[in-house]
Every structure is written in structure tokens, then in C-alpha cells.
Amino acid sequence: MNASYRFRLILILAGMFVVMPMLGEASMPSYTLTVWPYGAIAWVGGIPEQAAAFVERLEQAVAHAFVFWGYESPTPSDTWRSPDQTPRNYPTEGGLPQVVLSDPATSADWRLDPLTWREEQIYPMVVIVFPDQQSLHDAIGRALPAYFFCSHGRVMDVELWIRPLMKKPRSMLCPIDAQQGTLVKEFAHWFAYERNASLFHTPPYIYEGVSEVTAMAFPDDSEGAEVDIVDWASRNCLSMCVASRSLTEAVGESFVGFLIDELGHEEFLDSFRSWAVDAYGMKAKYQGPWRVSLGLSSVCP
């Protein structure tokens, strides 16, 4: 390799190192922040025409998810309308810190003060709204109708640009055309998590069952086939993980509905901790009676 060729190659490689990051930034989705009573909304690709109507739907979904279980919705902070003007506040003993977002339009920091619920502070919710289902799937690397996320660990397998938004304590991702039942289900996860943080340590059919039962008043928007629970239970026992997402939701709706009938809302919610620490014992206690309620033998096959 002569010196002239080597020099041109170095120039080409150097240019690639400069241009590739620029291309990456240019292709990176942008978002616009707006406020809502429970925190902030990040509109991926800009604010759509139907934004106001969608925010109203979000608020209705929050109200349903909390009222279904006999609770009032969280109370917004006094500063929720002007997060860009909210001063830096440090939490007092037992309080929560502000959630800080960077506004791409102004490069200013938005400071979201905690909400109040059951006379205690809880984190505000950052809703990330995508222009369509496919862009949501591309961002999170999986085909989900929506996604509630509590930042208690590493954010894996999602596009880099969205990680700072998801790393906020509470976030929910959805497309602008999400059905109302889908929104209710995700906010039901939010409610259940705030009510008892053991929720996500329970078997999937428990926490998915919570969301399905909460959204029973809305048309079924699941993408999976209808599941005959009696037929399934006649051939299967409950396990820690059911075969598919649609099956997990269907089994969870039936089983959680039975537990609510047996225990009532409050005692069922209180049972999350027991499910988290002794799922096998809880399953052994309730699987037989659930099967009997379906008209089957109490002994699973």
C-alpha cells in the first residue's frame, strides 16, 4: 500500500467517524413535551392533531383504573402546569425527589413534583406516545400494544434514544391509536404497583389478570385468539408462566376474578406480598377452588 493510498484511506475512515454519528442523530426520533395532570407526555415525532382528545382519554383511563378498585386518582401537584418554571426542590424526610426531564425544544429542564395519593407521595407518570403501533414496536423491540415500566433496573433491548425517558421512575408507552381498554390496562398496572410494590414479583397471570379484570368494561382488544378457559384448565395446571401472552391474560382474568370474588378487592390486593414470597403455596391453596368454580375437578390433570 503506497503512502498516497494510505493517506486517502485515513481521510475516508476519519470522515466516516464524523458522519456516522451525525447520521445516527439525524435518524433518531425526536419528541415534544407537553404537560398533563399526572406528569408529562412525550409525543414522538411531534404533537398530533388529536393530542387534546388523547390526553382526555388518558385521564379517563387513569380514573377508571383507580376507581375500579375503590380508590381516588392521584392528586396532581400545584406546579403541574408549569414544570419549566418549577424551582429545584429537595425532598424532606420520607419525600420523593422531583423527576427531571430535558425539553428538546428549549433545552430547559422540566421539574415534575411528586403526586399525592393516599396521603403519601408517589412519582408522576411520563407517557410516551408513538405515532403508530409499528414505531412503538421498533423502539422497544417487541410487539406489545402498550407498555408500563417502573424504573427499578436496567432498560434492555430498547432503542438508545428512548432510554432516558423510560428510566424515569414511572413511564407508559403507547401508540396514539391505542384502544381505551389498552390504556386502562396499563394504568391498572400503575395503580396496583403503587398499592403494593410486590405486584411484579407475582406470577404473570396475577399481574396480567389485574389489568384484564380492571378493563373488563371495555371491548376486548387482545390480538390473541379467544381462549376457552374451561377447556384449557381441563387439560392444564397453573404454572409460574403460562404459554403465551394471550393465554396468560385469559387465564389471569379468570383466576383473578375468582380471587376477587373469594377475598374482596382489598384482601386480594393485600395478597400480592404472599404471592411474591410463596407463589407455590398460594397456588396450591386457590387452584383447586378455582377449578371447582369452573365446574372441574379440584385436582388438576
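Which residues touch the most other members of the largest nonpolar core? They are W36, V127, M172, F187, W190 and F268, in a core of 64 residues. The model is predicted: local features need pLDDT of at least 70, side-chain atom pairs count only at pLDDT 80 or more, and totals for chains, interfaces and linings use all residues. Residues are numbered from 1 along each chain as its sequence is written, and side-chain values use heavy atoms, with hydrogens and water left out.

**Nonpolar cores**

- A nonpolar core is a set of buried Ala, Val, Leu, Ile, Met, Phe, Trp, Tyr and Cys residues joined through side-chain atoms within 4.5 Å.
- Another core, of 26 residues, lies apart from the largest one and includes L33, A40, L101 and L136.
- Beyond neighbours within four places in sequence, W190 is in contact (heavy atoms within 4.5 Å) with Y38, V62, F66, P74, L115, I122, Y123, M125, F148 and R170.

**Cysteines**

- The structure has one disulfide, defined as a pair of cysteine sulfur atoms within 2.5 Å.
- C237 and C300 form this disulfide, with their sulfur atoms 2.1 Å apart.
- The torsion about their S-S bond is about 95°, so the disulfide is right-handed.
- C237 lies in the loop between helix 7 (229-235) and helix 8, and C300 in the segment after helix 11 (279-293), so the pair ties together parts 63 residues apart in sequence.
- C237 is partly exposed, at 25% relative accessible area, whereas C174 is buried, at 0%; buried means under 20%, exposed over 50% and partly exposed in between, with a 1.4 Å probe and protein chains only.

Note on methods:
Helix = DSSP H or I, 4+ residues; strand = E, 2+ residues; numbered from the N terminus.
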